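Here are some exercises to work through with the structure open beside you. Try each task on your own, then compare your steps with the worked solution.

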Amino acid sequence: MACDLSAGQEEPWRRLLQELSEAGRKEKEEFAECRGRLGISVESVWLVPTKPRGGGLTVVYLEAEDPERVLRELALSDAPFDLGYRTQMRKLFGFDPARLGRAASGELLYAWRDDAQSEPEASKST
């Protein structure tokens, strides 16, 4: 997912992510439980600066077997963590997972992976 991030949104977005990074054990368990329930195995967030005075493009990368299910369940969940996350996303970006539907899945145009990097050392010997 990619969302435009205005200069005024950058600091609140950074604070939210910092809170996630520095969360206590209970909050980290809630986050892990949420992601596990939704079927998310990997989540990464980038900020690509595009504006000289702050802001840019925030890119959220998720790996899940069924991304549309993730959005659907996130939109309908009444779990406290999900409600808070959804509220923050709506406040910062106007992002509502219930309204994305299939558009969120996008279209993969190009991908590359160096499979040799993942081979065990023993199989690389000659």
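**Exercise 1. Contacts and the overall layout**

Task: Find what share of the contacts with a separation of 6 or more in the protein chain comes from residues 24 or more positions apart. Then describe the pattern that the chain follows along the sequence.

Solution: 
- Step 1. In this predicted model, residues 24 or more positions apart account for 59% of the contacts with a separation of 6 or more.
- Step 2. Next, list the elements: the protein chain has six helices and three strands.
- Step 3. Reading along the sequence gives the pattern β-α-α-β-β-α-α-α-α.
- Step 4. Finally, look at burial: of the 126 residues in the chain, 25% are buried.

**Exercise 2. A residue in a strand**

Task: Decide whether Ser-44 is buried, partly exposed or exposed, and name its contacts beyond its neighbours within four places in sequence.

Solution: 
- Step 1. Locate Ser-44 in strand S2.
- Step 2. Its relative accessibility is 25%, so Ser-44 counts as partly exposed. The cut-off you need here is that buried means under 20%.
- Step 3. Leaving aside neighbours within four places, Ser-44 is in contact with Val-59, Val-60 and Tyr-61.
- Step 4. For a distance, go to Glu-63: it is 19 residues from Ser-44 along the chain, and their C-alpha atoms are separated by 9.2 Å.

**Exercise 3. Two helix pairs**

Task: Describe how H4 packs with H2 and with H3.

Solution: 
- Step 1. Recall that two packed helices are described by the angle between their axes and the distance between the axes.
- Step 2. For H2 and H4, the angle is about 85° and the axes are 9 Å apart. H2 is therefore roughly perpendicular to H4.
- Step 3. Find the residues that meet: Glu-30, Phe-31, Cys-34, Arg-35 and Arg-37 in H2, and Phe-81, Asp-82 and Tyr-85 in H4. They divide into four nonpolar, no polar and four charged.
- Step 4. For H3 and H4, the angle is about 100° and the axes are 8 Å apart. H3 is therefore roughly perpendicular to H4.
- Step 5. Here the contact is made by Leu-74, Ala-75 and Leu-76 of H3 with Asp-82, Tyr-85 and Arg-86 of H4. This set has four nonpolar, no polar and two charged residues.
- Step 6. Check Tyr-85 by itself: beyond neighbours within four places, Tyr-85 is in contact with Arg-35, Glu-43 and Leu-74.

**Exercise 4. The nonpolar core**

Task: Find how many residues the largest nonpolar core has and which element gives the most to this core.

Solution: 
- Step 1. The largest nonpolar core has 17 residues, and among those with the most contacts inside it are Trp-13, Leu-38, Tyr-85 and Phe-93.
- Step 2. The elements giving two or more residues to this core are S1 (2-5), H1 (7-21), H2 (25-38), H3 (67-76) and H4 (80-93). H4 gives the most, with five residues.
- Step 3. Zoom in on Phe-93, which is found in H4. Its relative accessibility is 16%, so Phe-93 counts as buried.
- Step 4. Beyond neighbours within four places, Phe-93 is in contact with Cys-3, Asp-4, Leu-5, Gln-9, Trp-13 and Thr-58.
- Step 5. Phe-93 and Thr-58 are 35 residues apart in sequence and 10.0 Å apart in space, C-alpha to C-alpha.

Terms used:
Residues numbered from 1 in each chain as written. Predicted model: local features only at pLDDT ≥ 70, side-chain atom pairs only at ≥ 80, totals over all residues. Heavy atoms only, no water. Core = buried A, V, L, I, M, F, W, Y, C linked by side-chain atoms within 4.5 Å. Buried < 20%, exposed > 50% of the residue type's maximum accessible area, 1.4 Å probe, protein only. Helix = DSSP H or I, 4+ residues; strand = E, 2+ residues; numbered from the N terminus. Contact = heavy atoms within 4.5 Å. Axes fitted to C-alpha atoms, helices over the stretch in contact; angles between N-to-C directions. Parallel < 35°, antiparallel > 145°, perpendicular 65-115°, else oblique. Nonpolar A, V, L, I, M, F, W, Y, C, P; charged D, E, K, R; others polar.
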